Amino acid sequence: MTATRRTFARCLALLPALLLVAAPAPARDGKALAQAGIATAHPLATAAGQEMLAAGGNAFDAAVAISATLAVVEPFASGLGGGAFWLLHEARSGRQVFVDAREVAPGAATPGMYLDAAGNPVPGSTLTGPLAAGIPGQPAGLVHLAKRYGKLPLGQLLAPAIRHAEEGVAVTRGMVLGLQFRQSAARQSPEFAARFYPGGRPLAEGELLRQPELAATLRRLVRGGFDGYYRGETARLLVDGVRSSGGIWTQDDLAAYRVVEREPVRAVVGGVTVVSAPPPSAGGIALVNTLNMLSGFDRPALDPATRAHLNIEVLRRAFRDRAMLLGDPDFVSIPVARLLSPDYAAGQATTIRLDRATPSDGLAGPGTTVAGGPQTTHFSVIDRAGNRVAGTLSINTFYGAAFMPPGTGVILNNEMDDFVIKPGVANGFALVGTDANAIAPGKRMLSSMAPTFLESPRGVAVLGTPGGSRIISMVLLATLAWIDGAEAPAMVALKRYHHQYQPDVVAFETGAFSDADQAALRTLGHRLEASARPYGNMQVVTWDRATGKVEAASDPRGGGDVTVY
Ligand code: DON
């Protein structure tokens, strides 16, 4: 193994120095791109983005129109009741920024708010009903993006979303799946039930879903900007609805919400510049840390089972740090520089053995991993000027808290479940953590969402996916595929597997491992668990520096759509 690592170090040393510096951004080459590309999880969202580009808008305008449209056409995944991360690259300046519109805990939230008198978690309390909801960030984020980075007026950007909410959209299979899953939860929200379970049965595929209250809420957002949601009528309706059903939001919580612009995580690994989500997401740190660990090995020389073993081992270690150290950077001190450093990764890598799995022990024993489906959503855009957006938007699990404050059409998130409600108690994605991610008023809950740019002399890739904790392993596998030369369609189609430290289990999609590789991984000591169904919904746009070609690909597992023009 030491020899393998040395071989890789020699390979790295032979790389021209040029490969080790950050790749220049497209627009800094001084040329416009021949094409623009969009990949989203729904054809109407892709069309909304294209409509803005055709109207003279930039990628940031497209991002606002896409995000707002997804709120209407994928009501199970994201929306005005949830949060969002947008990673931006501004071609003119080369500036890259992470727009953090993550939900925050309400002012009256306390660390023990989901525990009973005996200190035990109250089942379902972080997942269903208004107590499960953080203060939404996406509406503020839309206004922020449009104002600071867009060229078109907010009314024009939200017009497609308003149109679809008012005139109705066809119910998709994804919507129905989520409705089946949330049927019993829906009983506690008559407004949500009336809209999505007319006559007590879930809407069927192909039926028309009209959302007039949501259209009115979007209109108030257009008219009032930030105040059109966080103050005035919408705020009143939201707070009344939440409080009359056991929630704790106040008008002040809404008025105090702020979008935060953060420096993205940025690192050069083996000639590829990785730009990704900083805390309060674990995504960027885990991605860079795993890539740094892998850079000590000669991956191409390894057989497929050993390569997979190595990926599992680096994920195990990165997820351990996620559990121990990460949370909202405005509340806890995180050793980001250390976690991103190659030296730190080299130290971690010395504990990896190629001939056996490292048991995760420590925290709770092995449990069952929870599949991340298509709830939450991602889109990727590159415009012809070279501006880029990777956006991951979420209300957390299917239909969030399954709660709609009367008169708003807004489905509230259940993102509070991303906090640690008690050390050692796993959340909906079977993730454990520490006080770093404990609940506190105004604090952002730790995320795994990882909107990402990859930049190298080859070109650029813009990528991301939903999938809860599995986002991190999906983005890592797609990144490795791009580094190894894969094009966008292969990146999104790639069969997936996942490890997250605890539970000490490797989850895998059918086809990810051959029978022989499964046997080899078991022999190394891994516990394998086949996923019941495929997971994730990755959207990728790439730009090839040599040919100028833009390519967009939408995950074959989802119902998304792309455009390149
Ligand atoms: O922020 C997070 O990490 C989660 N709330 C994302 C949830 C998600 O991707 C659900 N998808 N399956």
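Helix packing and cores

Tutor: The axes of helix H2 (residues 43-54) and H3 come within 8 Å and cross at roughly 150 degrees. The model is predicted, so local features need pLDDT of at least 70 and side-chain atom pairs count only at pLDDT 80 or more, whereas totals for chains, interfaces and linings use all residues. Residues are numbered from 1 along each chain as its sequence is written, and side-chain values use heavy atoms, without hydrogens and water.

Student: Why are H2 and H3 called roughly antiparallel?

Tutor: Angles between N-to-C directions run from 0 to 180 degrees, and those over 145 count as roughly antiparallel. The H2 and H3 axes cross at roughly 150 degrees; H2 and H3 are therefore roughly antiparallel.

Student: Which residues of H3 meet H5?

Tutor: Asp-61, Val-64, Ala-65, Ala-68, Thr-69 and Val-72 in H3 do so, contact meaning heavy atoms within 4.5 Å. The residues of this H3 and H5 contact comprise 10 nonpolar, two polar and one charged.

Student: What makes a set of residues a nonpolar core?

Tutor: Its members are Ala, Val, Leu, Ile, Met, Phe, Trp, Tyr and Cys residues that are buried and joined through side-chain atoms within 4.5 Å; buried means under 20% relative accessible area (1.4 Å probe, protein chains only). The largest such core has 84 residues, with Trp-86 and Phe-196 having the most contacts inside it. Helix H3 (residues 59-73) supplies the largest share of this core, 11 residues.

Technical notes. Buried < 20%, exposed > 50% of the residue type's maximum accessible area, 1.4 Å probe, protein only. Helix = DSSP H or I, 4+ residues; strand = E, 2+ residues; numbered from the N terminus. Parallel < 35°, antiparallel > 145°, perpendicular 65-115°, else oblique. Nonpolar A, V, L, I, M, F, W, Y, C, P; charged D, E, K, R; others polar.
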